[in-house]
Amino acid sequence: MRNLSLRQLRTVQAICRLGKINLAAEDLGLTGPALTLQIQQLERDAEVQLFDRTRGGMVPTAFGLAFLDAAREIEESLNSLEDSINAMKGLRSGRLRLGVVSTGKYFAPQLIAAFRKQLPAIEINLFIGNRAEIIAKLRDHEFDIALMGRPPRDFEVRSQVFGDHPLVFIAPAHHPLAGVLDISRERIAREQFLLRERGSGTRISLEIFLSDTPRKLEDLGTEMGSNETIKQAVIAGLGVAFISAHTIEQEIKLGRLVILDVVDTPIRRQWFSVSRLDRKTTPAMQAFEQFLLASGARQLPVVSKPYPANAFG
C-alpha cells in the first residue's frame, strides 16, 4: 500500500463511476488493456479483489469501495491543501462544489452571483437535484456544501441556518377560495392536491400539516416530478398545491397564482447549509459559509400573502 499512486486511485474512481473498462479508459486517456493491467497490478499488490466482473460491467467489491473512499478523501485533502496554500499566499481563490435541492434553483444563481462579487476568484460548480440526489451525493463526498431544508440524519453533518423558508398553499387566481380568509384545515383538505415525490421536504410538511385530517393521507393527491410542472398544473386549474413560497415569486406578481389564507400558514421552515462532519473545512467553504450567515437571507425571494382589498374594512 505504501507504493499506491494517485493514478491507480483515479483508475478505481473512474471504473466505479462509469462501470466499464472501455469507458473508464477513454475517460482517463488510456487504452483498455493498459487500464486492465493497472487494476490487475493493484489487486496483486493489495492481495484483494477490487471488482466483480459481471455481464453488466465492473461492480466494486467491499474492498473496491474501501479504495474508493480512500481516493475521495485523498482528493479532498489535495483540494484543501491547494486552497490553504493559496490562502497563505494571500490569494482568495479556490473551488467549491455546491449542491442545491431543486426548490433552491429559484434563488441559487442570485446567491452565487452575490458571493462572486465579493470573491470572484472562487470557482463554484453547481449541481441541482431532488432531496434524495443531493443527500446521496453529499454522502459520497461529491459536494463540499449542500443547500437544503432538513439536514440528513443517517450520517453526521455540520449545518447552519442561513434563511427562512415559508411553505404556502397556492391556487389559480379564479379559484373559489382565492381571497377567502381563515380557511380551515378541514376545508383545504377537501381540495385535490398536486404533490412532489415522496420524501421531498414540502411533501413531508404537508403530510404533517394534514395528519389529523381523517383519511386525507390515504389519498393525498397527484404526484408530479417538479415544482414547475406543479405550478403549471395549478394555473391550469387541475388542483391546489403546497409549495415553497420561494418558487412562485413571478407567478404571484403576474397574477397567475394566489396564496390561500389557510389557518396556521405559512409554515415556517429554514434553509440550511450542510457539509459532512468528517470533511475538512477549506478556505473556500469557510468563505461561503460566512457569506451565507451575513448575506444569504437577503438573496431569498420575498413573497407576502395578499389579502382582498376589503379584508379589514
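A residue is called buried when its relative accessible area is under 20%, exposed when it is over 50%, and partly exposed in between, with a 1.4 Å probe and protein chains only. By that rule, buried residues account for 46% of the 313 residues in the protein. The model is predicted, so local features need pLDDT of at least 70 and side-chain atom pairs count only at pLDDT 80 or more, while totals for chains, interfaces and linings use all residues. Residues are numbered from 1 along each chain as its sequence is written, and side-chain values use heavy atoms, with hydrogens and water left out.

Along the principal axes, the C-alpha atoms fill a box of roughly 80 × 50 × 30 Å. Of the contacts between residues at least 6 apart in sequence, 74% join residues at least 24 apart, a contact being heavy atoms within 4.5 Å.

The accessible surface comes to about 16,300 Å², and carbon and sulfur atoms hold 51% of it. Such areas come from the Shrake-Rupley method with a 1.4 Å probe, and for residues only the protein chains shown count as cover. The mean positions of the 40 positive and 36 negative charges lie 3 Å apart. Lys and Arg count as positive, Asp and Glu as negative, and His and the chain ends are not counted; each charge is placed at NZ of Lys, CZ of Arg, CG of Asp or CD of Glu.

Helix α1 covers residues 6-18, and its 13 residues reach 18 Å from first C-alpha to last, close to the 18 Å expected at 1.5 Å a residue. The expected span is 1.5 Å times one less than the number of residues. Among the buried residues of α1 are Leu9, Val12 and Ile15. Glycine 19 follows α1 and has a positive phi, near 80°.

Most residues other than glycine have a negative phi, and most peptide bonds are trans. Histidine 141, not a glycine, has a positive phi of about 65°. Histidine 141 sits in the loop between α6 (131-139) and β5 (145-148) and is buried, at 9% relative accessible area. Aspartate 182 also has a positive phi, of about 55°, in the loop between β6 (157-172) and α7 (185-188). Aspartate 182 is exposed, at 58% relative accessibility. The peptide bond from threonine 265 to proline 266 is cis, with omega near 0°, and proline 266 belongs to the loop between β10 (257-259) and β11 (267-276).

How values were computed. Helices (H or I, at least four residues) and strands (E, at least two) are DSSP runs, numbered from the N terminus.
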